Amino acid sequence: MEQKLTIVHGVYRRNPYILETLAQNLLALRVARIENYQYIIFNDNGDKEIEEDLSDYKDEVEYIYSPKNFGNKVCRGSWVGALPYVKGDLLHVTDQDDPMTPTFYTTSMDIFRKHPNIDLVFHNCIMMSDDSKVLNFGMNPNINPGVNWPSYDNPLECFKYWFGVEDDKVTRSNNHMMASGVIYRTKLHEIIGEPDMSFGGACDFEYWTRVLFNERKCKMVNLPTWFYRLSEYSAGNTIVDGEKNNDKYLHECIGNIKVKYAKLWKEKYNETKR
């Protein structure tokens, strides 16, 4: 039996990209011939007028308006807020303006079907402007030949690479999984816990780190199969408490993740030396 896929499409600020992205994602699912899915539009206590814009899709999606804001005014909060409504074996959480291609879904589902030991699949992306101009590609080892990228078949080695591990110390904290390009098995919630919104807009980075640290197998698809749109409505451009959210993400959340895993790595390292 085909595994059920849940897509959580987070929204907060009313904008023209929500409908465009929704239409493209539904088309991608149809072209990929994926029928066993649940599509949730989760409004994280944002603009209520968004529901009016979705009237033509009321039979195709589940619209949920949250009276509580989970994501500190950015779409990432939809991840936590929508969890009680998720019915799928696999979970894809995407932002309001990042459209997918059919290849994103077909490749992911094929990997999960053939490899029951893989818990998370993530894809490279095409970065584009709000007028759909291609700006760059995402994390691509092929255009960085001097970098010795580890294999995600060995998740702990990837953790060490992300955090620049030197013996018992971490020296940096870098996320190489872009959130909208990730699909994972929902059973991870029982194994390693649910995402932690105390890390704010970086809760995705913390969760992917937790996956690697707990040595859960992942698969990187080094093929750009979705579009990372950079626009005025992107989460990083949202103003929170008078400061651009991307600045808060960089200065606060990533630093907190580094502190957490520096402590956990030191404990893990010392245990292996006993």
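This is a predicted model: local features need pLDDT of at least 70, side-chain atom pairs count only at pLDDT 80 or more; totals for chains, interfaces and linings use all residues.
## Ground rules

Local features need pLDDT of at least 70 and side-chain atom pairs count only at pLDDT 80 or more, while totals for chains, interfaces and linings use all residues. Numbering starts from 1 along each chain as its sequence is written, and side-chain values use heavy atoms, with hydrogens and water left out.

## The chain as a whole

You will find eight helices and 10 strands in the protein chain (DSSP runs numbered from the N terminus: H or I of at least four residues for helices, E of at least two for strands). Of its 274 residues, 52% are buried (under 20% relative accessible area with a 1.4 Å probe, protein chains only; exposed is over 50%, and partly exposed is in between).

## Q38 in strand 2

Strand 2 covers residues 37-43 and includes Q38. Q38 counts as buried because its relative accessibility is 4%. Leaving aside residues up to four places away in sequence, Q38 touches K4, L5, T6, I7, E62, Y85, V86, K87 and G88 (contact means heavy atoms within 4.5 Å).

## D47 in a loop

D47 sits in the loop between strand 2 and helix 2, the latter being residues 50-53. With a relative accessible area of 32%, D47 is partly exposed.
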